[in-house]
Amino acid sequence: MAMPVLAQPEVGSDLRPVPVSTRNGLLEILTMRRDPFDFSQKRLEQYGEVFAMSALGTRFVTAHGAEAANEILMNKDRAFANAPAWSYFIGPFFNRGIMLLDFDEHRHHRHILQQAFAPKVLKGYFDEMQPVIVDRVAKFPTGEVKLFEEFKELTLDIALEIFLGLELSKPEADRLNKAFIETVRAGVALVRKPVPGGRWWKGLRSRKILEEFFYKHIPAKRATATPDLFSVLCHAEGDDGERFTDEDVVNHMIFVLMAAHDTTTITMTQMAYRMAEHPEWQAQARAQSMELNAELTYDDLAGMTMIDSIMKESLRMCPPVPAQPRMAIKDTQISGHFIPANTMVTIPQLANHRDPRYFTDPDVFDPTRFGPDRAEDKGHRMAWMPFGGGVHKCIGLYFGQMEIKTIMHNLLRDYEWSVPAGYRLPMDYSALPVPKDKLPVTLVRR
Ligand code: HEM
């Protein structure tokens with residue numbers, strides 16, 4: 001029997017149709033969540049780089065490989081849009097966040113938002129951030145510690161301090177933290193309706209909590225300029241003096257806080273895990289940190305090559321944003337395949353980062369692959385793409401790396417940590433990739 005296809009290209013077209021998996025869509029999603037690497041490998045072998053499946057009430061095309069990622073993200077034909085794709089997952093919770101805007105409107109908002117991430121502003125954040133990090137890392141508990149939880153709390157504290165510039169009570173900070181977690185988790189709910197008590201319902205409830213919180217603080221932020229992101233967004237102006245409305249500020253704040261929080265936490269968790277699994281890397285990174293002063297300068301960050309390579313390799317093996325969806329808004333093509341309008345496509349960067357065409361022994365943790373002699377990440381502009389690419393490329397990539405490096409520098413100087421021999425981090429891939437056990441380590445003060 002012929003393999004079913006997504007849609008036949010026009011007669012005479014050079015394009016090939018996309019094969020469609022006939023397996024049960026829900027089972028496919030569950031299989032993928034259990035082991036996304038094995039899933040990708042098997043589907044690649046069966047269908048090739050581009051294939052479709054039906055799941056969660058829609059049809060997804062998965063387009064493997066750096067070349068397909070490049071076609072989709074560089075979007076020369078303006079055929080792929082973010083809003084209808086990301087909205088499907090997180091729309092009700094991250095309404096009109098910058099990642100959910102497209103084309104001219106996106107360019108306009110990004111231009112204003114960019115001001116909050118300009119080098120001079122970043123240096124200001126760094127100065128604000130450093131004492132918080134030094135103080136908080138020094139107070140980490142010792143003994144058996146779940147590092148994922150420590151990082152999560154710390155990145156939230158930093159976000160509140162640097163982005164909000166507000167002193168919050170512990171219960172209020174906890175309430176915000178919970179609201180963020182619930183909004184993120186809601187996006188990948190299998191039941192996509194507000195059933196009371198369900199993930200979707202909790203996500204909507206949390207969005208409301210966040211909105212109320214930000215609207216309440218806008219008047220004070222508009223009144224006085226302070227060095228936090230919230231204030232910068234209230235005062236930033238486009239070329240013609242146009243400003244964000246209150247609604248824009250709230251939407252961007254909620255989105256940016258979400259984008260900054262889990263991604264950095266996941267990256268540090270992976271780095272800490274890999275350095276516990278490979279104590280030789282922990283020792284080398286520590287040696288480099290000990291050569292620097294405890295208090296870093298902004299310029300020190302560029303010289304932290306060991307932490308940098310460990311970070312890059314952790315981002316390769318487990319990119320915090322494991323896949324990027326887009327919607328084809330007109331008939332188009334990917335890698336010679338016909339993609340009809342209104343098809344959801346995804347770039348599976350979690351799987352792409354294990355592509356043996358670019359990475360030798362891709363399942364092995366090896367930070368030296370980023371050294372100048374090997375530079376495996378440079379084999380293709382989309383071979384290593386934890387921050388995405390094209391016009392929506394992560395706006396916080398320098399901020400995130402600055403935060404991660406500073407925290408890791410302090411952790412390495414203040415502590416040593418280990419996991420039992422043979423320990424493997426059990427991962428939950430149902431939303432962003434997080435450890436099921438929250439990474440328990442033995443943390444010892446040096
Ligand atoms: C290691 C940390 C991080 C990773 C791996 C990461 C990853 C990504 C990825 C893959 C995208 C593109 C999504 C797409 O095109 O579909 C993205 C976009 C974005 N990220 Fe990050 N991110 C990180 C940290 C941050 C931080 C710290 C911030 C804010 C301070 C941030 C703010 C944003 C924003 C605002 C966008 C949307 C940009 C746009 O659509 O124009 N990210 N990020």
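Which residue forms a salt bridge with Asp246? Look for Arg222, where the closest N and O atoms of the pair are 2.8 Å apart. Asp246 sits in helix H11 and Arg222 in helix H9, so the pair ties together parts that are 24 residues apart in sequence. Asp246 is partly exposed, with a relative accessible area of 33%, and Arg222 counts as partly exposed too, at 24%. Keep in mind as you look around that this is a predicted model.

**Around the ligand**

Helix H11 comes up again at the ligand. It gives the largest share of the shell there, six residues. Helix H5 (103-114), strand E5 (324-328) and helix H16 are also on the list of elements that each supply at least two shell residues.

In total, 29 residues surround the ligand, and the closest are His106, Arg110, Arg326, His392 and Cys394. By type, the shell splits into 18 nonpolar residues, nine polar ones and two charged ones.

To find Cys394, go to the loop between helix H15 (349-352) and helix H16 (397-414).

For Arg110, the distance from a side-chain N or O atom to a ligand oxygen is 2.7 Å. Arg326 places a polar side-chain atom 2.8 Å from a ligand oxygen.

Side chains of opposite charge can pair when their charged atoms come close. Across the whole structure, a search turns up 31 salt bridges. Here are three of them:

| Pair | N to O distance |
|---|---|
| Lys216 and Glu172 | 3.9 Å |
| Asp246 and Arg222 | 2.8 Å |
| Glu237 and Arg243 | 3.5 Å |

Take Lys216 and Glu172, whose side chains meet in a salt bridge. Lys216 belongs to helix H9 (residues 199-223) and Glu172 to helix H8 (residues 170-186), so this pair ties together parts that are 44 residues apart in sequence. Lys216 is exposed, at 56% relative accessibility, whereas Glu172 is partly exposed, at 24%.

Then there's the pair of Glu237 and Arg243. Glu237 counts as partly exposed at 37% relative accessibility, and Arg243 does as well, at 41%.

Some salt bridges share partners: Glu313, Arg316, Asp366, Arg369, Arg374 and Glu376 are joined into one network that way.

Conventions: Residues are numbered from 1 along each chain as its sequence is written. This is a predicted model: local features need pLDDT of at least 70, side-chain atom pairs count only at pLDDT 80 or more; totals for chains, interfaces and linings use all residues. Side-chain values use heavy atoms; hydrogens and water are left out. Helices (H or I, at least four residues) and strands (E, at least two) are DSSP runs, numbered from the N terminus. A residue is near a molecule or strand if one of its heavy atoms lies within 4 Å of it. A polar contact is a pair of N or O atoms within 3.5 Å; within protein, one must be able to donate a hydrogen and the other to accept it, and residues adjacent in sequence count only if both atoms are side-chain atoms. Ala, Val, Leu, Ile, Met, Phe, Trp, Tyr, Cys and Pro count as nonpolar, Asp, Glu, Lys and Arg as charged, and the others, Gly among them, as polar. A salt bridge is a side-chain nitrogen of Lys or Arg within 4 Å of a carboxyl oxygen of Asp or Glu. Buried means under 20% relative accessible area, exposed over 50%, partly exposed in between (1.4 Å probe, protein chains only).
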